[in-house]
Amino acid sequence: MTTHEPALARGVTPTFRDHLLGVALAAIYTAILLATSTNLGMNRDEGFYVDAGESYARWWGALFSGDEHVLERASIDAAWENNHEHPSLPKSLFAMSWLAQQRWDVFPEDSMAFRFPGMAMSALSLWILYLFGMRLFGRRAGLFAALAYALIPAVFYHAHLDCFDTPIVSMLLLVTYCYYRSITEPVWAVWTGVAYGFCLETKHNAWILPLVFLVHFIFVVGLERARRKSALASEAKAASSGVSLVPWWLLGMVLLGPPLFIGMWPWMWNDTLQRVGEYIGFHVNHVHYNIAYLGHTYFSAPSPMGYAWVTTLFTVPFTTLLLGAIGIVLRSRAFMPAWFLARVWTRGNPEPDRARTDVLLFGSFFTPMFVLMMPSTPIFGGTKHFLMAYAMLMLFAGYAFARLCEALSTELERFWKRFRGQNQLQQGLATVGLLGLFLAPALRDTAHSHPFGLSFYTAVAGGVPGAADLGMNRQFWGFTTGSLVPWFNRTLPPDASVWICDSTYTAFHMLQRDDRLREDIRVAWDLRSADYAIVHHEDHFNIVDFQIWEAFGRVDPVYVLRYDGVPIVSVYENPHRGP
């Protein structure tokens with residue numbers, strides 16, 4: 001390798017075949033998600049979005065059937081008031097998929113119909129990461145970034161869901177990609193605005209993007225103006241090419257984003273300003289969700305300073321995390337301002353590109369982690385709130401992977417003389433070998449994490465038992481109720497009732513709609529009258545064990561669902577239940 005490789009010199013322009021490969025990656029991932037969803041119980045939030053999807057489906061059905069009253073305020077509010085604290089795009093897609101299921105019976109399970117749009121939106125991120133990484137660092141970098149992101153256990157779990165957490169990553173990636181293109185190709189400002197409208201309509205994470213872009217753009221413009229000012233007259237033409245100093249992207253986001261946001265959300269069509277304010281107010285003053293972290297449960301802000309970083313260390317496969325860190329170090333020269341490179345860091349590899357894309361990537365990686373640490377940010381649990389950081393980190397990992405491939409190809413050419421000159425063979429062997437080396441552990445971790453995705457921890461934490469000993473969050477959302485289904489079907493007597501702890505009725509009933517759980521098993525709303533009761537093992541649910549002991553008069557569970565030996569859900573039987 002050369003000592004002065006220019007930054008992004010290995011990036012290539014995607015061809016039609018590259019787009020086909022990106023689509024294939026997304027399609028294969030969606031198929032895998034569908035195939036592995038059949039043993040994954042629904043969580044609390046999914047239950048709310050199923051209810052909203054069915055409500056919206058009735059409105060869309062009326063619109064398609066030509067109902068003359070469907071656009072009246074009373075009709076809109078009756079349907080769209082449900083779960084109006086979140087934007088409508090994902091839930092509208094859930095509704096469309098449910099309408100298709102009702103008409104054509106597309107999926108073998110109802111839950112798949114509601115989950116499929118989220119899966120497809122999540123899988124879109126693989127296509128975008130492949131193209132993004134390819135333009136920056138080459139095909140191997142893009143391919144590794146896409147595959148490595150797909151094989152993060154937390155990503156794999158969330159990508160299954162009838163939720164917004166991985167779909168918003170796809171939308172954030174899309175907007176970031178369009179903005180990156182607009183820095184040197186102003187026409188992409190239009191696509192940046194359109195993509196931002198869809199991003200706003202997916203989840204409120206979109207709010208922070210303009211600030212991230214603005215910081216990057218000011219950095220780029222400041223350096224570009226200084227460079228042009230110092231350029232010689234003979235270089236003036238070359239100096240002024242490449243980077244636009246006009247923030248066309250911002251104009252696109254401002255002019256196109258909000259109208260698309262309002263236009264795609266019927267609930268916003270009436271009392272628009274008041275409802276926009278209500279929507280913003282809900283998230284600014286969001287309720288706190290507790291998290292368990294290193295032996296302490298936090299019920300209010302701020303989050304622990306190290307929470308996002310330690311949780312990332314404990315849940316992302318170590319090989320891909322290591323490559324991501326190496327990639328950041330290798331690209332660190334490209335983060336530096338020009339005066340620093342000229343006076344202090346005069347030698348090195350690589351040089352920054354004109355648009356300072358590395359600064360954009362690093363800012364997009366760091367921002368979600370930083371926002372979570374701010375004292376004013378409502379406390380949230382789990383990695384789902386900073387998955388965008390993982391996507392950006394995988395682009396750096398892709399760069400490190402590509403550099404390793406180049407180094408291995410060089411060694412193969414040097415020592416395997418029989419194949420001297422067979423560059424494609426050497427590069428192919430290097431790529432396949434290193435893909436196996438770095439992604440096999442991630443594949444193993446992801447496969448082992450399913451269907452306990454939120455309970456999984458890597459060997460860095462000592463695995464699932466080590467994380468339990470450290471007092472890390474064991475689960476949330478009550479999704480592990482789905483893993484009790486085989487025991488319920490086999491053991492519970494006819495017409496048994498179950499108190500379901502952190503599960504919602506819709507999520508529990510979906511197990512019966514999918515023909516997984518026996519129809520005669522009922523939900524009990526009163527603990528004392530329940531035949532059985534379950535406890536999802538989370539620190540703040542410890543009191544529930546005591547409540548069951550008092551209500552049932554016994555302290556021994558009849559069944560404990562374990563993951564790697566760690567209790568996940570306990571089932572108690574009421575000795576006083578009826579015959």
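The model is predicted, so local features are described only at a pLDDT of at least 70 and side-chain atom pairs only at pLDDT 80 or more, whereas totals for chains, interfaces and linings use all residues. Residues are numbered from 1 along each chain as its sequence is written, and side-chain values use heavy atoms, with hydrogens and water left out.

The average pLDDT of the protein, where pLDDT is the predictor's confidence in each residue on a scale from 0 to 100, is 91, and 92% of the residues score at least 70.

The secondary structure comprises 23 helices and 7 strands. These elements are DSSP runs numbered from the N terminus, with helices (H or I) of at least four residues and strands (E) of at least two. The C-alpha trace spans about 95 × 65 × 45 Å along its principal axes. Buried residues account for 56% of the 579 residues, where buried means under 20% relative accessible area, exposed means over 50%, and partly exposed lies in between (1.4 Å probe, protein chains only). Of the contacts between residues at least 6 apart in sequence, 75% join residues at least 24 apart.

The largest nonpolar core contains 134 residues, of which Tyr-29, Trp-80, Phe-144, Tyr-149, Cys-199 and Phe-213 touch the most other members. A nonpolar core is a set of buried Ala, Val, Leu, Ile, Met, Phe, Trp, Tyr and Cys residues joined through side-chain atoms within 4.5 Å. Helix H18 (residues 387-415) supplies the largest share of this core, with 16 residues. Another core lies apart from the largest one and has 37 residues, including Phe-488, Ala-530, Ile-548 and Ala-551. Beyond its neighbours within four places in sequence, Phe-213 is in contact with Val-175, Thr-176, Tyr-179, Trp-249, Met-253 and Leu-360.

Two threonine residues in loops were also examined. Thr-166 lies in the loop between helix H7 (153-158) and helix H8 (167-182), and counts as buried because its relative accessibility is 2%. With neighbours within four places in sequence left aside, the contacts of Thr-166 are Ser-122, Tyr-149, Val-155, His-158, Ala-159 and Leu-387. Thr-166 and Ala-123 are 43 residues apart in sequence, and their C-alpha atoms are 8.6 Å apart in space. Thr-383 is found in the loop between helix H17 (357-373) and H18. Thr-383 is buried, with a relative accessible area of 6%. Residues up to four places away in sequence not being counted, Thr-383 touches Ala-154, Thr-311, Thr-315 and Tyr-390.

Thr-311 and Thr-315 belong to the buried residues of helix H14 (residues 307-315), together with Tyr-307, Ala-308, Thr-312 and Phe-314. Seen down the axis of H14, the buried residues fall within an arc of 170°, so they line one face of the helix; the arc is that of the directions from the helix axis to the C-beta atoms.

An open sheet of mixed pairing is formed by 5 strands in the order S4-S3-S5-S7-S6, where two strands pair if DSSP finds at least two bridges between them. Strand S4 (522-523) and S6 are the edge strands, each pairing on one side only. Strand S5 (residues 532-536) pairs with S7 in the antiparallel sense over 5 bridges, and Ile-534 stands opposite Val-571 in S7. Strand S6 (residues 559-563) and strand S7 (residues 566-573) also run antiparallel, joined by 5 bridges. Val-560 stands opposite Ser-570 in S7, Arg-562 stands opposite Pro-567, and the bridge partner of Tyr-563 is Val-566. S6 and S7 form a hairpin with 2 residues between them, and Asp-564 in the turn has a positive phi of about 55°. Because 7 of the 8 residues of S7 are buried, this strand is largely enclosed by the rest of the structure.

Key. Contact = heavy atoms within 4.5 Å.
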